[in-house]
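Please keep the sequence and the model open while reading.

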Amino acid sequence: MGRRPKKEKKITKIPKEKIQSYQLLRGMKDILPSEQKYWSWIKNLGEKFAQEYGFKKIDLPLLEELGLFVRSIGKETDIVQKELFSFIDQGGEKVCIRPEFTAGIARAYIEHGMFNLSQPVKLYTAGALFRHERPQSGRHRQFHQLNFEVLGEAQPVIDAQLILLVYSFFKELGIETKIEINSLGCLDCRENYQGALISHLRSKKKQLCENCKKRLTRNPLRIFDCKELKCQSVKENSPQIVDWLCEECKAHFMRVLEYLDELEVLYEPNSYLVRGLDYYTRTVFEVFAKNSIGKSSQDALAAGGRYDNLIEILGGRPTPAIGLALGIERTILKIKETNIEVPETPLPKIFLAQLGEKARIKALLLFEILRREGITVAENFSKGSLRVQLDIANKLGVKLTLILGQKEVSDGTILIRDMESGIQEEIACNKVIKEIKKKLYS
Ligand code: HAM
């Protein structure tokens, strides 16, 4: 019988109008495989510190009621006024993608009755947050934090220990830091101070941006963290909150500084540090790389403070608390700027090569067996040529290559090739794990 002529395969083209390309949204970033080593390093260190300092892990939803953040962070803040990703959901509820963790943690503490646990409750979380900011280096609309909170303890030693935690964290990454620190006092100190501040700022009203003019009487402290340059210059010569602290708040602040002295943590008091969120009381701080020039809150690697009234404001019992968050993107930027070497994750020491269809199936199974034994194996099952596979194995720098061909499959054997000497040894396939372990680890 004559052969039928081969039919040309018809290639159907996708109509142009069905093609549409997409790009990242502004302020969002893909974290590519080449970047992952930085992320794993920081996240793993976060978990290690959390464990060593006695923090329990908590995960929170990305979406919360809008009111939770407005209440906690404050109506007059930039975050609430300009930066929330909020919307009305299909059920008509006003919701918001989390711009920070603290409010969610406070909500969870109350909702799950954590005041019944032995205090303080130390919670750790990590993940993505969203703020509609103007993107620039180290400032994104989706960014990530490691977050540590201690709830249910008012002692200044806790403030010092948390600052020590973040200071040591950066040290372990190879980043020397300096802490800017201030005390915002309690509500009473704040009320007296705000009176003095308003009378001072009234004389400078013309120099303020439109937003800060409105904030002048409603929440004058916010003027200090306004990003507008003209507002920044107005804060010089303003009354300083440290001069308005009550005896208890002053003693608390002094004790925190004494602890930091004893712990040899490098810090600098900054009386105009107010932080961009309203819930803070007493100690507030921001962490900067030691040698960063012209620093502003925009460059802080981490930041935090006490929020002794927040739990009560959100309907819980009066519960003093303090926390901090470390910005992962900014930390990575600093690691790169300072050329810090990231510890590499160990590469596979073995390559599994196969020749022919039967060997490929057996290799797939063997790969699973080795993986379950904790032996990481590199492979390229889509390649058929041994030469190509050995080239890949060479490039990966593996110590051994396992070779399975048709002959080995029918004999129940496998070849082990020492990549340095090129010597190949045939062994029974069921002895492969024992042999590998002997060659790799003894
Ligand atoms: P925060 O100062 O808003 O505080 O943020 C803490 C850190 O997150 C910053 O110092 C920075 O490293 C990083 N960060 C903030 N916004 C961005 C952004 N748009 N892009 C990149 N990184 C950013 C808080 O979030 C408080 N909840 C911290 C806290 C915890 N206070 C008490 N407990």
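Which exposed residues does the face of α13 turned away from its buried side carry? Point 4 has the reply.

1. Basis. This is a predicted model, in which local features need pLDDT of at least 70, side-chain atom pairs count only at pLDDT 80 or more, and totals for chains, interfaces and linings use all residues. Residues are numbered from 1 along each chain as its sequence is written, and side-chain values use heavy atoms, with hydrogens and water left out.

2. Overall form. The chain has 15 helices and 16 strands (DSSP runs, numbered from the N terminus: helices are H or I, at least four residues; strands are E, at least two). Its radius of gyration is 30 Å, while a compact globule of 442 residues would have one near 22 Å (taken over C-alpha atoms; the globule rule is 2.2 Å times the number of residues to the power 0.38). The C-alpha atoms fill a box of roughly 100 × 60 × 45 Å along the principal axes.

3. Burial. Of the 442 residues, 48% are buried (under 20% relative accessible area; exposed is over 50%, partly exposed in between; 1.4 Å probe, protein chains only).

4. Helix α13. This helix spans residues 386-396, and its buried residues are Gln389, Leu390 and Ala393. They cover an arc of only 100° around the axis, which puts them on the same side of α13 (the arc is that of the directions from the helix axis to the C-beta atoms). An α-helix has 3.6 residues a turn, so residues three or four places apart point the same way. The face turned away from the buried side carries the exposed Arg387 and Lys395.

5. Packing partners. The buried residues of α13 pack against β12 (350-354), β14 (400-404) and β15 (413-418).

Terms used:
Contact = heavy atoms within 4.5 Å.
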